[in-house]
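Please look over the sequence and the structure before reading on. The report below is written for a reader new to both.

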Amino acid sequence: VDWNQAREFAAWIDARLPSEAEWEYAATSQGQDYQFPWGNEVATCDRAVMKDGQGISGCGESTTGPVCSKPNGHSEQGVCDMSGNVFEWVEDDYHQNYFFAPEDGSPWLDDPRGRMRMYRGGAFQFNSTFLRVRDRRGYEPAFRVNYLGFRVARDVPGQ
């Protein structure tokens, strides 16, 4: 799906795409200094759906895996697939780094909106380098490919 489709679906179910800051907070087990959601151990097919050591994507399956199929790769809070399976669109416009990013967790949006959007998380066709939590990528909102998806977020009432 492209970014526009992901955003449209999220709105349809009364949700939204997470900000890049929210995504990273969840992917680092609530902001810990982790390279991966599970800690600092290198990504393997025991923890993520990725390109395995023999260079075969999807841990030998050449495709995505079932959602949450790698419990050893969950964050400490049980959030699954933050590294591997598919990259995930977030709401933010693309910025090369975090300098001048909002400090309140809100999405970093340009005015007018930039021509590229952020996605995070690694995918089944990529090795462990691309699965690191701090790996950041951007592309045009209309970009669609089989290794790019999304997750949705909702605000907690009263918080």
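What follows describes the sheet, its salt bridges and a surface patch.

## Basis of the model

This is a predicted model, in which local features need pLDDT of at least 70 and side-chain atom pairs count only at pLDDT 80 or more, while totals for chains, interfaces and linings use all residues. Residues are numbered from 1 along each chain as its sequence is written, and side-chain values use heavy atoms, leaving out hydrogens and water.

Four strands form an open sheet in the order 3-2-1-4, with mixed pairing. Strand 3 (136-139) and strand 4 (148-150) are at the edges with a single partner strand each, so one side of each has no neighbour in the sheet. From one strand to the next, the twist averages 45°. Strands are DSSP runs (E, at least two residues), helices likewise (H or I, at least four), numbered from the N terminus; two strands pair if DSSP finds at least two bridges between them. Angles run from 0 to 180 degrees between N-to-C directions, with axes fitted to C-alpha atoms, for helices over the stretch in contact.

Strand 1 (residues 87-93) and strand 2 (residues 117-120) are antiparallel, paired over three bridges. Asp 93 is opposite Arg 117 in strand 2, and Glu 88 is opposite Arg 120. Strand 2 also runs antiparallel to strand 3, joined by four bridges; there the bridge partner of Arg 117 is Tyr 139. Both faces of strand 2 are covered, with Arg 117 and Tyr 119 buried on one side and Met 118 and Arg 120 buried on the other. Buried means under 20% relative accessible area, exposed over 50%, and partly exposed in between (1.4 Å probe, protein chains only).

## Salt bridges

The whole structure holds 14 salt bridges, each a side-chain nitrogen of Lys or Arg within 4 Å of a carboxyl oxygen of Asp or Glu. One of them joins Glu 88 and Arg 151, with the closest N and O atoms 2.7 Å apart. Glu 88 is in strand 1 and Arg 151 in the segment after strand 4, so this pair ties together parts 63 residues apart in sequence. Glu 88 is buried at 4% relative accessibility, whereas Arg 151 is partly exposed at 24%.

Asp 93 and Arg 113 also form a salt bridge (2.8 Å, N to O). Asp 93 is buried at 0% relative accessibility; Arg 113 is partly exposed at 29%.

## Surface patch

Phe 9, Trp 12 and Val 152 make a nonpolar surface patch of about 350 Å². Patches consist of residues with over 30% relative accessible area and no salt bridge, joining like charges within 9 Å and nonpolar side chains (Val, Leu, Ile, Met, Phe, Trp, Tyr) within 5 Å. Accessible areas come from the Shrake-Rupley method with a 1.4 Å probe, and for residues only the protein chains shown count as cover. Trp 12 lies in helix 1 (residues 3-12) and is exposed, at 69% relative accessibility.
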